[in-house]
Amino acid sequence: METSHGPVEPIVQIRDLTKIYRQGDIDVTALAGVSLDIAPGEFVVLMGPSGSGKSTLLHLLAGIDRATSGTVLVQGINIANLNESELAGWRNQNVGFVFQSFNLIPVLTAAENVELPLLLTALSRSERKAQVRTALELVGLGDRAHHRPDQLSGGQQQRVAIARAIATDPALLVADEPTGNLDAKSAADVLNLLQRLSREAGKTVIMVTHDPKAASYGTRSLHLEKGEVERDVRATSFTP
Amino acid sequence: MTLASFVAKNALRNRRRALLTILSVAISCALLVTLLTLQRELTTPPESEASSLRIIARNKVSLMQPLPYKQLTQIERIPGVKQVSPFTYFGGKFRDEEATGWAQFAVDPARFRQLIIEGRITDGSYEDFIRDRNSCLLGRDTLDRYQLKVGDKLKFTGTFYPVDFEVRIAAVYQGTVDDRNCFFHHKLLDELMGGWGMAGTWYLCADSPAVVNDVINRVDATFANTSAEVRTETERAFQLSFVSMFGNVKLLTGAISLVVVFTLILVSASTMSMAIRERFRELAVLKALGFQRRELAGFILAESFALSTLGGALGIGGAWAFWNQMDVLTFGHLTLQKLTKGFMPYFEVTPRIMATGAIVAAVLGIVAAIMPMITMSRTSVVEGLKTLD
């Protein structure tokens, strides 16, 4: 891959990735030999109909599922070679997750939710607090640190989830339909935030969505169909 | 936030369920401690220094068969015997009670004095008891229970023996392991029975603990091959054999205790399974964030352990307070004597029993967490994320 600054080592390299699920007596092919590279700082949107394999691809490159065959190299590490324990540590340091239904812990405040992945690091309590404050301020919720999820709107909850995802400063942000449960205004806020993280903080964002409007925020969209990449479209710049 | 506060918040997230779980464990632990205490009180008679010297000789055929009174002079000549007194269980009914929960024994007052050395006279005088054949020595617990005083007369109706009698309270004793009994003159019983010439059992005191076994053997040998052979044993052994007449109390209380523990495990395991099942999605998110199986298992175990030990502490502490401090807590309105109508003079929740209850509560916390931990461990992140909230 080349950019205006010259060749860049891909952050994600996927080769012949296949995932076959067993449903009763039937084998279902979710991914059929997908190969692609993703550059650092790219905002990749995965699109396609239900069952096309986009979520499966997201899960595999985020290290929360195992491929049937093929390789996923993230920052040069073949995550298929990591055991469960190593993979958990790798996810904590390298991947931030944003889910459709926010998945915040209801009994914890916004700050405590953001602090959760930091509990696994060697940071001191004060360092964790500082990092949590930074993450919440970055998503515009510095004043909501002590609110519980049920005291926040859907858009605010998703922004807390994004703060949690970036708390450990991972290189990769994966988002599975992050605007699926949000109104148009909140969705736009969240997408702008993800776009800003990609553009300004250099995070590689990989987002699954059904919404063409949401897809327009990315720099690249991959259209999957029956487990294969049907189209790979690159935008010249961030929109809108 | 710390991992401990995270566990605490999770444990209390459904406060009603947490409270009900804690209460169910607390009540079950209180029941378990009560059963274990009951078992101990019924099967392990209390011991004292004086009781280690005391020996009881009864008819070898049966406890119900009396012994000839003339054996007394032979027994007191046996080396190592410091004192001996007739000791005949009267088993009468006091006043109009259907069943009297304390015993009356016919003794020789002068001899008997050396046999209850741990008892002290708190009211009246022992000499008065010795002098007056129609008097008695009454335990403090019974005196207080019926609000009696020295000089009052007690009327008993015989159930084992076909005689009734009335005695005056000459003295009150306290400080023995059972301060409920009434002791009266054996001569009175003998007269009422028309010159009976028998005694229910012999109550002996040895010179020292070292000679107790020798005394037992000598007494048995003295009456071997006579028309009234005796079976001699320590007071403690006698009490244990007496308890065995209730049936297998140990087996019964043990079986009930096991059922309580088993039910408790089912209830707690079910509650923990519910608590974890409804958080599968959250656990999957935590896994995605980098938490490992062992850490999540630790959360589940800590939560289960915290709930069960808190319940255990409440139940065990409650049982201790109720049984050991009943009179203090109720300002004397309720005592064990009143509650059990005199059947149980003592019901002490000991540190050992409390420790057993605590161990059960702790093990319960661990066992209840096993299935949820296994299920969590087997569920992948993707499967967990697919579960509904």
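1. Start with strand β6 of chain A, residues 69–74, in this predicted model. Two bridges join β6(A) to β7(A), and the two strands run antiparallel. One bridge can be named. A:L73 has A:N78 of β7(A) as its bridge partner. Strands of a sheet pair through backbone hydrogen bonds, either parallel or antiparallel.

2. Now place this pair in its sheet. The sheet of chain A is open and has four strands, in the order β4-β3-β6-β7. The pairing is antiparallel. Which strands stand at the edges? They are β4 (26–38) and β7 (77–78) of chain A. Each has a single partner strand, so one side of each is left without a neighbour in the sheet.

3. A helix packs on this sheet. Helix α1 of chain A, residues 54–61, touches β3 (12–23), β4 and β6 of chain A. The direction of α1(A) makes about 120 degrees with that of β3(A).

4. Next, the contact between the chains. How many residues of chain A are in contact with chain B? There are 21, and they meet 18 residues of chain B. On the chain A side, α2 (84–94) and α3 (110–115) each supply at least two residues. The largest share, six residues, comes from α2(A). By class, the side of chain A that touches chain B has 10 nonpolar, six polar and five charged residues.

5. Helix α11 of chain B, residues 280–289, deserves a look. Nine of its 10 residues are buried, so α11(B) is largely enclosed by the rest of the structure. Buried here means that 20 or more other C-beta atoms lie within 10 Å of a residue's own. Among the buried residues are B:F280, B:L283, B:V285 and B:L289. B:E282 and B:K287 are buried too.

6. What do the buried residues of α11(B) pack against? In chain A, they pack against α2 and β8 (95–98). In chain B, their partners are α10, α12 (293–324), α15 (351–378) and α16 (381–386). Just after α11(B) comes B:G290, which takes a positive phi of about 120 degrees.

7. Helix α10 of chain B, residues 249–277, holds B:L251. Is B:L251 buried or exposed? B:L251 is exposed, with 10 other C-beta atoms within 10 Å. The cut-off for exposed is 12 or fewer. B:L251 and B:S270 are 19 residues apart in sequence. In space, the C-alpha atoms of B:L251 and B:S270 are 28 Å apart.

8. α10(B) also pairs up with helix α2 of chain B, residues 15–43. The axes of these helices come within 10 Å and cross at roughly 170 degrees. Angles over 145 degrees count as roughly antiparallel, and α2(B) and α10(B) are therefore roughly antiparallel to each other. The contact of α2(B) with α10(B) has 13 nonpolar, 10 polar and two charged residues.

9. Strand β10 of chain B, residues 182–185, pairs with β5(B), residues 104–107, through four bridges. β5(B) and β10(B) run parallel. B:V107 stands opposite B:H185 in β10(B). Three bridges join β10(B) to β7(B), residues 135–139, and here the strands run antiparallel. In β10(B), B:F183 is the bridge partner of B:L137.

10. Last, the domains of chain B. The domain assignment gives domain 1 as 3–45 + 247–386 and domain 2 as 61–228. Taken over C-alpha atoms, 47 Å separate the centres of domain 1 and domain 2 of chain B.

Conventions: Residues numbered from 1 in each chain as written. Chains lettered and ligands numbered in written order. Predicted model: local features only at pLDDT ≥ 70, side-chain atom pairs only at ≥ 80, totals over all residues. Contact = placed C-beta atoms within 7 Å. Nonpolar A, V, L, I, M, F, W, Y, C, P; charged D, E, K, R; others polar. Pairing = 2+ DSSP bridges. Axes fitted to C-alpha atoms, helices over the stretch in contact; angles between N-to-C directions. Parallel < 35°, antiparallel > 145°, perpendicular 65-115°, else oblique. Domains from an automatic or database assignment.
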